[in-house]
Amino acid sequence: MGNHPVSRRALLAGGAALAAGALLPGCKPRLSGVFTSADAHPADYPTVRAVEFMGQLLSKWTDGRLGTKVFAGGQLGSEMDTLEIASFGGLDMTRVYFAPLNAIEPMTLPFCLPFVFDSVAHMRRVVDSELGDTVLASLRRHRLVGLAIYDSGARNFYNNRRTIRSPEDMRGLKLRVPNSDLSVAMINALGANAVPIPYGETYQALAQGVIDGAENNWPSLVSARHFEVIDHLSITEHLLTPEAFVMSEASWLRLDAKDRKLVREAAKQSVPEMRRLWDAEVAEAKQIIAASPIEVTPVDKEPFAALMRPVWDRFITTPEQKAVVEGILSMGGGNTA
Ligand code: GTR
């Protein structure tokens, strides 16, 4: 839903000018310390509010010198776009799902494996541990500074063709996935046909029948209005992949050591706030779906896991990736999503 081309173009032009050092004499590279940030979700979504919360902390700590301004609703382009813009310095920050990072950095793949996390509590334990820092730090080679990892809950399949109880029911269904080879492979492993489409174009593709369904978490199903154009939801919880909040290295390098510390601290403090907002958002979305005509089907996850599990070996190939996967598994068990 990127229908604000003017702000996007202006921002890109500004970034390109900065990158090329092509500023008019007398112009300072940064007119204010307000960091521009992008998000595919609408203004009231927990990820957007968490980045705004971070900005409020920064503003409080610096008497308004630093802050954040979030361009929500995909105004600045798809998540792949905003990652690219941030990496060349045209945007200070962006919040993306981990899947669009797969094509950029293989160390992001472990968090995107199906059934690798067994609960929200497990995912939170992992991202709060050194493993979270290791994965965020891997983005530095792509001129991105990882600031925080946010929740994204459990993802389920939904469609407007039929009830999905087992993988056999998925045969031939055209299902939208984020733009990532791993996402495509895991859906195709179930016998469905994966169709990579940017998040912001999914509603239209569903409404027009270009695809039969998609998969996502409860809040996205509601906030992106997918629930208005689907009939069947199956609780597969096949992914508990989190969200990444990153800063452009170019913007980071313009900060002095004290401000970098403040940015890191504010990002860190935004995580518990995000989780508080997130848990409330999930509960509300579940209520909205329960009150809708959508058929909600609990499923036996085992047959899904058995078919999807082989993609792990295809995408986890380096000793570094394997160490992350082993670390994740060693922290599992016990809690339910
Ligand atoms: C959502 C995620 C978005 C977007 C989307 C997707 O859960 O928060 O950032 O990536 O999934 O499926 O593309």
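1. Let me start with the ligand. By class, its shell is made up of three nonpolar, five polar and five charged residues. Keep in mind that this is a predicted model. In total, 13 residues surround the ligand, and His41, Glu79, Arg176, Asn216 and Glu243 are the closest.

2. On where that shell comes from: domain 1 (8-103 + 119-151 + 243-280) and domain 2 (155-240 + 286-330) each supply at least three of its residues. The domain bounds themselves come from an automatic or database assignment.

3. Glu79 puts a polar side-chain atom 2.4 Å from a ligand oxygen atom. For Asn217, a polar side-chain atom sits 3.1 Å from an oxygen atom of the ligand, and for Ser220 the corresponding distance to a ligand oxygen is 3.3 Å. As for cover, the ligand has 310 Å² of accessible area on its own, and the protein covers 98% of that.

4. Now the overall picture. I'd note 13 helices and eleven strands in the protein. The protein has 337 residues, and 55% of them count as buried. Its accessible surface comes to about 14,400 Å², with 54% of that belonging to carbon and sulfur atoms. Taking contacts between residues at least 6 apart in sequence, 77% join residues at least 24 apart.

5. Two backbone spots to check, starting with Asp63. Its phi is near 55 degrees, a positive value in a residue other than glycine. Asp63 belongs to the loop between helix H2 (46-61) and strand S2 (66-71). Its relative accessible area is 78%, so Asp63 is exposed.

6. The other spot is Arg225, which is not a glycine either but has a positive phi of about 65 degrees. You'll find Arg225 in the loop that runs between helix H8 (218-223) and strand S9 (232-239). Arg225 counts as partly exposed because its relative accessibility is 34%.

7. Last, have a look at Pro298, which is placed in strand S11 (residues 295-298). Pro298 has a relative accessible area of 68%, so this residue is exposed. Pro298 and Ile235 are 63 residues apart in sequence, yet their C-alpha atoms are 5.0 Å apart in space.

Methods:
Residues numbered from 1 in each chain as written. Predicted model: local features only at pLDDT ≥ 70, side-chain atom pairs only at ≥ 80, totals over all residues. Heavy atoms only, no water. Helix = DSSP H or I, 4+ residues; strand = E, 2+ residues; numbered from the N terminus. Buried < 20%, exposed > 50% of the residue type's maximum accessible area, 1.4 Å probe, protein only. Near = heavy atom within 4 Å. Polar contact = N/O pair within 3.5 Å; in protein donor to acceptor, adjacent residues only side chain to side chain. Areas by Shrake-Rupley, 256 points an atom, 1.4 Å probe, with all protein chains shown as cover. Nonpolar A, V, L, I, M, F, W, Y, C, P; charged D, E, K, R; others polar. Contact = heavy atoms within 4.5 Å.
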